[in-house]
Amino acid sequence: MLKLKEGFILREVAGETVVIPSGDELDLNMMITLNETGRFLWERIAQGIEETDLVTALLAEYEVDEATAKAAVARFAAQLRDKGFLI
Amino acid sequence: MSFYYKIAGLNVKIESFGRTLEQAKPYLSEGDVSPDIVVRSKYEKVRDNYPYLSDEDVEYLASGGAFYRELLKFDGFMLHSSAVVVDGLAYLFTANSGTGKSTHTALWLKQFGEHAYILNDDKPALRRIDGIWYAFGTPWSGKYDISVNTGVPLAGIAVLERDVNNQIEPYSGKDAVLDILRQANRPKAMEYRIKLMELLDQLIREVPIWKLRCNMEQEAAFVAYQAMSGGLKKGE
């Protein structure tokens, strides 16, 4: 299961998708921006989702082949894990 | 000791001591009207975080943090920058400490003489009032306490970077958003951070943002002013 920790805020700022942490638990200096695909994945991981279901969701939304979708999800999940964003 | 002040157009009650009250003197107001913001002394709660600072310096940081946090409730926030005023418009230069914000605005003073003054050398308050963005002097204005108690319409904000030559260009996109966000006060509670993001969204849409690469020669002020004095709003 991929699931974000509590406390992240996602907002559109001047056309950019910005994510910043809040509260006492997160590293408050970890501020990032997301592209369109990143936002799609982020919003689903915020709710909590199995990695295989996320690949399925990505395939349904975008015209990509399965290998590409799997790689994209795995890469994004690894980045979030590295930053300590996941539960 | 607590006193009443007018800061960034708001009635503020400050309970404090030492340097905080000293720097706040130009902001004292007449009556004890019901305050918009109350800043309570809290250095005792946070001084363990700053073992290398004196009690009054800790208090100065903590009181500024408390004021700027509450400012978010009044469509305002703090941008870590040096703010110079020329002919009634404010120009802000933001960057990490040590980049040369104050050095650059000192060049503006030299360039424009009596037409120019420093509004706040370190932590101006920005507020959106009736659709217009203003920069304000505040008591929290850096180690040399350079501030003027007034609000001035904002002409533009430049993210400053050291370079060999002087050049300036409009700055947008994710790097611009993150560079401004990094220099804004960011209270840790979610409700304040959401408000900050909403204000930044408005600010970046309504106020020209620039990337200034500059050296410390007089030409830097000339190049920056030429571009930034072009107009109040984007697209004009």
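**Figure 1. Polar contact between Thr105(B) and Ser82(B) in the predicted model.** The side chains of Thr105(B) and Ser82(B) make a polar contact at 2.8 Å. Thr105(B) belongs to helix 4 of chain B, which covers residues 101-112. Because its relative accessibility is 0%, Thr105(B) counts as buried. Leaving aside residues up to four places away in sequence, Thr105(B) touches Ser82(B), Val84(B), Phe93(B), Ile118(B) and Asp121(B).

**Figure 2. The largest nonpolar core, drawn from chain A and chain B.** This core has 36 residues. Those with the most contacts inside the core are Phe77(B), Leu92(B), Leu126(B), Leu154(B), Ile157(B), Leu181(B) and Leu203(B). From chain A, strand 1 (8-13) and strand 2 (16-21) each give two or more residues. In chain B, the elements that do so are strand 5 (81-86), strand 6 (89-94), strand 9 (132-136), strand 10 (151-162), helix 5 (174-182) and helix 6 (190-206). Helix 6 of chain B gives the most, with seven residues. In soluble globular proteins, nonpolar side chains tend to be buried together.

Figure 3. Ile157(B) is one of the residues with the most contacts inside the largest nonpolar core.

**Figure 4. Interface of chain A and chain B.** About 1,600 Å² is buried between the two chains, 70% of it on carbon and sulfur atoms. Chain A brings 20 residues to the contact and chain B brings 18 residues. Five residue pairs are in polar contact across the interface, with both members at pLDDT 80 or more. On the side of chain A that touches chain B, strand 1, strand 2 and strand 3 (32-34) of chain A each supply at least two residues. Strand 1 of chain A provides the largest share of this side, five residues. By class, the side of chain A that touches chain B has ten nonpolar, six polar and four charged residues.

**Figure 5. Salt bridge between Lys188(B) and Asp24(A).** One salt bridge is found across the interface of chain A and chain B. The side chains of Lys188(B) and Asp24(A) meet in a salt bridge, with 2.6 Å from N to O.

Notes. Residues are numbered from 1 along each chain as its sequence is written. Chains are lettered from A and ligands numbered from 1 in the order in which they are written. Side-chain values use heavy atoms; hydrogens and water are left out. A nonpolar core is a set of buried Ala, Val, Leu, Ile, Met, Phe, Trp, Tyr and Cys residues joined through side-chain atoms within 4.5 Å. Buried means under 20% relative accessible area, exposed over 50%, partly exposed in between (1.4 Å probe, protein chains only). Helices (H or I, at least four residues) and strands (E, at least two) are DSSP runs, numbered from the N terminus. Contact means heavy atoms within 4.5 Å. Buried area is the accessible area (1.4 Å probe) that two parts lose on being put together, summed over both. A salt bridge is a side-chain nitrogen of Lys or Arg within 4 Å of a carboxyl oxygen of Asp or Glu. A polar contact is a pair of N or O atoms within 3.5 Å; within protein, one must be able to donate a hydrogen and the other to accept it, and residues adjacent in sequence count only if both atoms are side-chain atoms. Ala, Val, Leu, Ile, Met, Phe, Trp, Tyr, Cys and Pro count as nonpolar, Asp, Glu, Lys and Arg as charged, and the others, Gly among them, as polar.
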